[in-house]
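Please read this note with the model open beside you, and follow each numbered point on the structure as you go.

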Amino acid sequence: MSRLPDPIKQGLARGWKVAGGPHGPLPARLTCDVAIVGSGAGAGITAEVLSRAGLQVVLVEEGPLKSSSDFRQREEEAYPALYQESAARKTADKGITILQGRCVGGSTTVNWTSSFRTPPATLEYWQRHFGLDEMSPAAMQPWFEQAERRLHVAPWAVPPNENNEVLRRGAAKLGLEARVIPRNVNGCWNLGSCGMGCPTNAKQSMLVTTLPAALDAGAQLLVETRAERLELAQGRVAALICRAVRADGSPLGPETRIVATHYVVAGGAINSPALLMRSKLPDPHERVGRRTFLHPVVISAATFEQRVEGWQGAPQSIYTDHFLHTQPIDGPIGYKLEAPPLHPVIFATTMSGYGREQLEMLKIFPHAQVLIALMRDGFHPQSPGGVVALRDDGSPVLDYPLNDFVFEGARRALLSMAEIQFAAGAKQVLPVHERAQPWTSWAEARRGIAELPMEPLLLRVVSAHVMGGCAMAGSEKLGVVRPDGRHWQVDNLSVHDGSLFPTSIGANPQLSIYGLVAKLSTGLAKRLSGREVILA
C-alpha cells in the first residue's frame with residue numbers, strides 16, 4: 001500500500017495553499033470571502049460548494065493533516081494523531097467515552113463509513129416541534145441524493161464479516177428485520193481499519209473528496225491551528241482569531257487574524273458551541289451548548305465456537321431498526337443495533353474487568369463478537385441531552401447526566417442484544433458492565449441482566465455521535481440558528497455541522513450532515529455570490 005498514490009501529497013506538490021505545523025508558519029492576517037472553522041463533514045461540503053461558486057475560502061483545522069501514507073492500521077499511532085484527546089474524550093463525570101476526530105477531514109477520516117439518511121420520523125418531529133417546515137423527507141431527498149452521488153454512498157455489496165453476520169443470523173432466527181448498511185466507499189479493499197484512516201483512499205471522506213476539490217479551486221487550509229474566538233463589532237463578526245498549536249494542543253506563536261465577509265462554524269458538536277461561548281456571542285434564550293446529544297451506546301460481548309475475527313472486513317455492514325419502532329418516537333427510548341469493529345486496544349480499553357479477568361478475555365479475542373445499541377436521545381422530556389461548558393482554560397467539556405430514563409432503555413438494549421447473540425449460537429454472552437459475568441444461556445442472561453444495578457461507571461457507555469448544542473429552529477426561542485443555518489442574532493455567521501440537530505438522529509449522522517449542509521451551503525453560496533451551484 002505504500003506504493004499507492006497519495007492524493008494529499010500530490011495536491012501539496014501541485015501548490016495547495018496549506019500552512020501550519022510542518023507546512024510553514026501562519027500568516028499574521030488573512031482576508032477572504034468565507035472563513036470556515038473545521039474540516040469535517042459540514043466544513044468539507046461547505047468548502048467545496050462555496051469554492052465552486054467562486055468564493056475565496058479559508059479553512060481552520062485544529063488537528064494535523066494526515067493522509068494515506070500515514071495510515072498504517074496501527075492503533076497506537078492512529079488514536080493520538082487523529083482523535084480528540086487520543087480517543088479518550090469523556091463527559092464531565094467520566095461516565096461516557098466519546099470518539100471524535102481531530103484531524104483534517106474530522107470524524108469523516110476515522111468513522112466506519114455507515115451512511116444513513118435522516119429517518120423520516122426524525123424529520124417529521126423537527127417539523128412539528130422546532131418549526132423546521134422545509135425539512136420534510138420529500139424536501140430533503142434531493143439533498144441526500146446529491147451527497148450520495150458525490151460520495152459514492154451505496155449498500156455494501158460484499159457478504160458481511162462474521163461479526164456482522166452474527167447480527168443478521170440472530171435477528172433472522174428471532175424474526176427481526178435486519179438490513180445492509182450503505183457505505184461511502186469507492187473501490188474498498190475490505191481491510192477493516194476504517195477507524196484508523198483509510199490507507200487505500202477508498203473511504204470517500206472529506207479528506208479525499210471535498211477538501212481536495214476546494215483546495216484545487218484556490219481555498220486555503222490552516223492546520224494545527226485553533227480557532228480561539230470570534231470578534232464582534234456592531235452586531236457582526238469582524239474577525240476570527242486563531243493561534244497555532246502544538247500536537248498536545250498547547251498554544252504556539254502569535255495570533256492570526258482572519259477577516260471575512262461571512263463566517264461558518266463547523267467544528268462539530270462540543271467544539272462549535274464552545275467557540276460561540278468563548279466568543280461571548282449573544283445568547284438571549286440560553287440555547288448555546290444545551291440539548292447536546294450522544295446516541296448513548298451500550299455494549300454486549302459474546303464468544304463463539306468459531307473464529308469471528310471482528311477486525312477483518314467492512315466494520316459495519318448489517319443493522320436492525322426493529323427496536324426503534326417498538327414504541328413511539330417520544331416514548332421510552334428506542335435503539336438501533338449494529339456491530340462495531342474489534343481491534344485489540346479499543347477492545348481492551350472498553351471491556352470491563354482488570355488483571356487476570358481481562359487477560360482471559362483477551363485470550364479469546366479472535367472468537368469475540370460485539371453488538372452495540374445506539375439509543376435515540378432527545379425526543380422525551382426526560383431525555384434533554386447534555387450541556388457544554390468551558391473549563392478555566394477555555395476548553396470544552398460536556399456534562400451529560402445518565403438518568404433512569406436512559407438506564408431503562410439500556411437494560412432493554414442489553415436484553416435484546418443478548419437474545420440475538422444466543423439465537424446466533426453464542427457460547428456465552430457478557431454485557432459490558434462492571435457487575436456482569438459471562439452467562440451461558442439466554443434464560444440465565446435474562447435473569448442476570450434484570451438484576452444489574454444501572455449506575456454511571458458501572459454500566460459502560462460510549463458514543464461516537466455527538467449532535468446538538470447549536471440547534472436550528474424556526475424560532476429564536478427554540479434554537480441558536482435559523483432554518484437556513486444563519487445565527488439568529490449575528491447575521492454574517494452560520495453553523496454547518498451536527499451541532500445543528502435539535503435532537504439526535506436515530507442513525508449514524510454523517511449522511512444527515514452531508515445532506516443538510518449541502519442544502520445550507522447552496523443557499524449561502526447563492527446569497528454571497530449570486531451563483532447557482534450544486535454539490536453533485
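1. Contact, as the word is used here, means heavy atoms within 4.5 Å. Leaving out residues up to four places away in sequence, Pro137 touches Pro120, Leu123, Glu124 and Gln127. Pro137 and Leu123 are 14 residues apart in sequence, and their C-alpha atoms are 6.5 Å apart in space. Pro137 is partly exposed, with a relative accessible area of 29%, where buried means under 20% relative accessible area, exposed means over 50%, and partly exposed lies in between (1.4 Å probe, protein chains only).

2. A word on the source: this is a predicted model, in which local features need pLDDT of at least 70 and side-chain atom pairs count only at pLDDT 80 or more, while totals for chains, interfaces and linings use all residues. Residues are numbered from 1 along each chain as its sequence is written, and side-chain values use heavy atoms, with hydrogens and water left out.

3. Pro137 is found in helix H6; helices (H or I, at least four residues) and strands (E, at least two) are DSSP runs, numbered from the N terminus. The expected span of a helix is 1.5 Å times one less than its number of residues, so the 14 residues of H6 (residues 137–150) should span 20 Å, which agrees with the 20 Å between its end C-alpha atoms. The buried residues of H6 are Met140, Trp143, Phe144, Gln146, Ala147, Glu148 and Arg150, and they pack against helices H2 (41–52), H5 (120–130), H8 (210–216) and H14 (510–529), as well as strand E6 (153–155). After H6 comes His152, whose phi is positive, near 55°.

4. Which residues touch the most other members of the largest nonpolar core? A nonpolar core is a set of buried Ala, Val, Leu, Ile, Met, Phe, Trp, Tyr and Cys residues joined through side-chain atoms within 4.5 Å. Of the 101 residues in the largest one, they are Leu59, Trp126, Leu230, Leu240, Ile258, Leu276 and Leu493. H14 gives this core its largest share, 9 residues. A second, separate core of 63 residues includes Phe304, Ile318, Ala410 and Ile449.

5. Please look next at strands E10 (residues 225–233) and E11 (residues 236–245), which pair in the antiparallel sense over 8 bridges; two strands pair if DSSP finds at least two bridges between them. Thr225 stands opposite Ala244 in E11, and in the hairpin of the two strands, which has 2 residues between them, Gln234 takes a positive phi near 55°.

6. How many disulfides does a search of the whole structure find? The search finds 0 disulfides, a disulfide being a pair of cysteine sulfur atoms within 2.5 Å. For Cys194, the nearest cysteine sulfur is that of Cys188, 5.9 Å away, and Cys194 is buried, with a relative accessible area of 10%. The sulfur of Cys242 is too far for a bond, because the closest cysteine sulfur, in Cys32, is 10.0 Å away; Cys242 is buried too, with a relative accessible area of 0%.

7. Finally, Thr320 has its place in strand E15 (residues 318–320) and is buried, with a relative accessible area of 0%. Leaving aside its neighbours within four places in sequence, Thr320 is in contact with Leu167, Glu177, Ala178, Lys336 and Leu337. A polar atom of the Thr320 side chain lies 3.2 Å from the backbone nitrogen of His322.

Terms used. A polar contact is a pair of N or O atoms within 3.5 Å; within protein, one must be able to donate a hydrogen and the other to accept it, and residues adjacent in sequence count only if both atoms are side-chain atoms.
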